[in-house]
Amino acid sequence: MCLCLGPIKSGKTFLMKRLQGDVIDDAVNTVPTNGINHFTIKDSTGKFDTIVRDIGGSMAPIWKHYFDRVGKIIYVVDASNLCQISAAGVLLYSLLVEPRLRAIKIALTLNKMDLSYRQMRNEALLILQYSRLQKEATQTLTIFETSGMTGEGVEKLRNWLFDPATLKSATANK
């Protein structure tokens, strides 16, 4: 199972709608999630799908109740909001020390890249202390730059979600 986590207003739901294939235009908007959304995400061929649970940022204190049988986490950070990045780092560190998540894969998703300037990626990684994370985390971390609005990076995130090991596991369970 895959969870989509991140601070309030990081763009998790909007990004999941884009990943799910919903039509995105200027009229589409979302409200902060106070609960859980389930999204069915298909691979690029349409042959395989998976459910991603998008859990609201306001529910961070109880995220731990959803960690059983999790293999991947899409962790979304609003890269256009420097103030939020440090808060996102605190939440990310709480995930990294969770014993049930020691061997999972995490997509560290720098979202809203259409609203930020190019150097923002480096600043976000500095604030998150990414170099230190790489050395100390037991999890596999992969960075993605995305935009729910423009679709930037969404296919790369989809390919990560359906990597060969995941597809092999899915076909073995059928």
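View 1. Within helix H1, which spans residues 12-20, the buried positions are Lys-12, Thr-13, Phe-14, Leu-15, Met-16 and Leu-19. Just after H1, Gly-21 adopts a positive phi of about 105 degrees.

**View 2. The aromatic pair formed by Phe-144 and Trp-160.** The structure holds one aromatic pair. The ring centres of Phe-144 and Trp-160 lie 6.1 Å apart and the ring planes stand at 65 degrees, so the arrangement is edge-to-face. Because Phe-144 belongs to strand S6 (residues 140-145) and Trp-160 to helix H5 (residues 154-161), the pair ties together parts that are 16 residues apart in sequence. Phe-144 counts as buried, at 8% relative accessibility, and Trp-160 also counts as buried, at 10%.

**View 3. Lys-72 over the ring of Trp-160.** The charged end of Lys-72 is placed over the Trp-160 ring, at 4.7 Å from the ring centre.

**View 4. The largest nonpolar core, with 31 residues.** The residues with the most contacts inside this core are Leu-5, Trp-63, Ile-73, Tyr-75, Leu-95, Leu-108 and Leu-110. Two or more core residues are given by each of strands S1 (2-5), S4 (72-78) and S5 (105-111), and likewise by helices H2 (82-96), H3 (120-127) and H4 (130-136). Helix H2 supplies the largest share, five residues. Apart from this core lies another, of 18 residues, which includes Cys-2, Phe-48, Val-76 and Phe-144.

**View 5. The contacts of Tyr-75.** Leaving aside residues up to four places away in sequence, Tyr-75 touches Leu-5, Gly-6, Pro-7 and Trp-63, as well as Ala-88, Leu-91, Leu-92 and Leu-95, and also Ile-106, Ala-107, Leu-108 and Thr-109. Of these contacts, Leu-5, Trp-63, Leu-95 and Leu-108 are, with Tyr-75 itself, among the residues with the most contacts inside the largest nonpolar core.

**View 6. Confidence along the predicted chain.** The chain has a mean pLDDT of 88, with 90% of its residues at 70 or more. Confidence is highest in strand S1, at 97, and lowest in helix H6 (residues 164-172), where the mean is 61. Where pLDDT is low, the predicted coordinates should not be read in detail.

How values were computed: Residues numbered from 1 in each chain as written. Predicted model: local features only at pLDDT ≥ 70, side-chain atom pairs only at ≥ 80, totals over all residues. Heavy atoms only, no water. Phe/Tyr/Trp six-rings, centres within 6.5 Å; stacked < 30°, edge-to-face > 60°. Helix = DSSP H or I, 4+ residues; strand = E, 2+ residues; numbered from the N terminus. Buried < 20%, exposed > 50% of the residue type's maximum accessible area, 1.4 Å probe, protein only. Lys NZ or Arg CZ within 6 Å of the ring centre and 35° of its normal. Core = buried A, V, L, I, M, F, W, Y, C linked by side-chain atoms within 4.5 Å. Contact = heavy atoms within 4.5 Å. pLDDT = per-residue confidence, 0-100.
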